[in-house]
Amino acid sequence: MRKKPRLPKRYICLALSLLCMGRTGLACTDIQAAQPGWQIIDGARYYFTQQDGKMAAGTFVTWNGVRYYLGQDGRLVTDRRNYVIDGAAYDIDAAGRVSKAGKSLVLLCDDQGSVLKRTFVTTGSEYMLPSIQNSGEATFIGWSLSPGKRFSLTFPNFVDYEVSDTVTVTDNITLYAACFRHTEDKDISQADITRPSEKLGGIIFCGDSRQDYTCFASRHYQDMAGNVYFVAKGGTGLSWFMTDGIPELLSDIIEIRESSEKPIAVVMNFGINDLRSPGINTDEYVPEMTRLAGLLDKLGCSMYFMSVLPGNASQLRKTRGENVRVPDMEAVKNFNEEVRRSLTPQYSYLDLYTWVMTYGYRSDDGLHFSYPTNRRILDECVKRINQSME
């Protein structure tokens with residue numbers, strides 16, 4: 001009886017390779033090929049490694065200086081644009097040659113590395129970093145190049161990028177949310193509160209809802225520190241202060257003068273609502289503050305302008321609705337820089353923006369701060385004013 005011719009070993013291996021495709025528990029790469037290199041099977045190209053003859057799958061291979069990619073089934077991938085491999089985008093021509101797609105991946109993650117957002121941008125272009133909503137136990141502060149960055153009241157910390165910072169994306173980049181844990185939101189005790197210097201007759205804080213009694217926890221601080229006064233109204237800005245706020249300020253100055261002739265510190269902290277309002281000319285602030293400081297000087301007062309503090313647009317939309325006017329953090333930073341740069345000898349600038357971005361803060365609605373955070377901000381202001389009196 002005539003024997004059937006035996007198939008060459010390499011064909012047997014190829015046949016087994018095809019049979020194993022898609023079967024659970026048997027990987028294509030486990031099949032040995034008699035001859036490494038490229039093989040064409042049913043019109044598709046496969047690659048068997050030079051080292052051990054296994055079928056390559058889900059990986060790049062370089063042949064004669066050209067890069068190729070084999071899909072999870074081992075087939076050569078061809079004719080694709082912006083084909084995503086391990087989070088990066090590639091262009092693959094009809095011959096299977098792989099090249100960068102001209103796109104880079106911006107990967108935004110939570111503080112532990114879970115992906116929140118994937119964005120492909122043209123390599124070399126600019127990307128403005130967004131805000132994200134808070135987690136249940138922490139307030140989002142900014143973006144870090146390393147995971148797990150948490151802020152502490154004991155040790156200063158820094159974000160690599162703030163919200164609205166613009167980065168030039170030259171390659172794939174992964175950023176992680178840097179957060180202030182709410183367990184760190186410690187209050188100030190009566191024993192640790194900073195009181196106004198004995199060289200001062202008192203300190204008057206003027207502002208919007210961030211300094212209003214209901215949001216700034218100022219009454220508690222006022223009761224503990226003494227000689228601290230507030231002229232504040234929620235939802236207001238410079239125009240309110242120039243009409244209704246100044247009479248209140250003069251009333252407090254008169255009350256202090258009844259018992260003391262010492263200098264009075266006046267802290268201005270308006271701006272966030274004006275920056276949220278369309279059509280407001282923030283260029284008015286510096287000349288108005290300069291004029292006001294000159295008038296206060298004649299009343300024995302020293303004026304300070306406290307920087308506008310950060311907010312979170314994404315969190316504010318969550319708590320107030322999509323149509324709420326949100327603070328533009330780029331505008332906030334530009335405003336603070338303009339005020340700082342344009343300082344006149346008539347008043348001083350208190351940079352609390354950098355301070356809260358360094359030590360962290362809690363803001364549940366994205367605009368206002370928690371009572372403990374507010375009292376810490378107040379305390380830092382009083383501390384810096386006292387230092388200026390030395």
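In this predicted model, the largest cavity is lined by S131, F140, I141, E162, V163, P310, G311, N312, M329, Y353, M357 and Y361. Its volume comes to about 80 Å³. Strand 11, spanning 138-144, supplies at least two residues of this lining, and so does helix 9. Sorted by class, the residues around the largest cavity comprise eight nonpolar, three polar and one charged. The count of cavities of 30 Å³ or more comes to three.

The largest pocket has a volume of about 150 Å³. Lining it are 13 residues, and S131, V163, A313, P327 and M329 are the closest to its centre. Helix 7, which covers residues 313-320, contributes the largest share of the pocket lining, with three residues. By class, the pocket lining divides into eight nonpolar, three polar and two charged residues.

Two packed helices are described by the angle between their axes and the distance between the axes. Helix 9 (residues 352-359) and helix 10 (residues 371-388) have axes that come within 11 Å and cross at roughly 130°. Helix 9 is therefore oblique to helix 10. The crossing of helix 9 past helix 10 is right-handed. On the helix 9 side, L352, W355 and V356 take part in the contact, and they meet R376, I377, E380, C381 and R384 of helix 10. The residues of this contact divide into five nonpolar and three charged, with no polar ones.

The residues involved are S218, H220, Y221 and M224 from helix 3, together with R375, L378, D379 and V382 from helix 10. Grouped by class, the contact of helix 3 with helix 10 holds four nonpolar, two polar and two charged residues.

The remaining pair consists of helix 4 (residues 238-257) and helix 6 (residues 285-298), whose axes come within 13 Å and cross at roughly 15°. An angle under 35 degrees counts as roughly parallel, so helix 4 is roughly parallel to helix 6. Helix 4 passes helix 6 in a right-handed crossing. From helix 4, the residues L238, F241, M242, I246, L249 and I253 meet Y285, E288, M289, R291, L292 and L296 of helix 6. This contact of helix 4 with helix 6 consists of ten nonpolar and two charged residues, and no polar residues take part.

Key. Residues numbered from 1 in each chain as written. Predicted model: local features only at pLDDT ≥ 70, side-chain atom pairs only at ≥ 80, totals over all residues. Heavy atoms only, no water. 1 Å grid on protein atoms, 1.4 Å probe; cavity = no way out; pocket = protein on both sides within 12 Å on 5 of 7 lines; lining within 4 Å. Points joined across faces, edges and corners; volume = space filled by probe spheres on them. Helix = DSSP H or I, 4+ residues; strand = E, 2+ residues; numbered from the N terminus. Nonpolar A, V, L, I, M, F, W, Y, C, P; charged D, E, K, R; others polar. Axes fitted to C-alpha atoms, helices over the stretch in contact; angles between N-to-C directions. Parallel < 35°, antiparallel > 145°, perpendicular 65-115°, else oblique. Left-handed = near helix turned anticlockwise from the far one by under 90°. Contact = heavy atoms within 4.5 Å.
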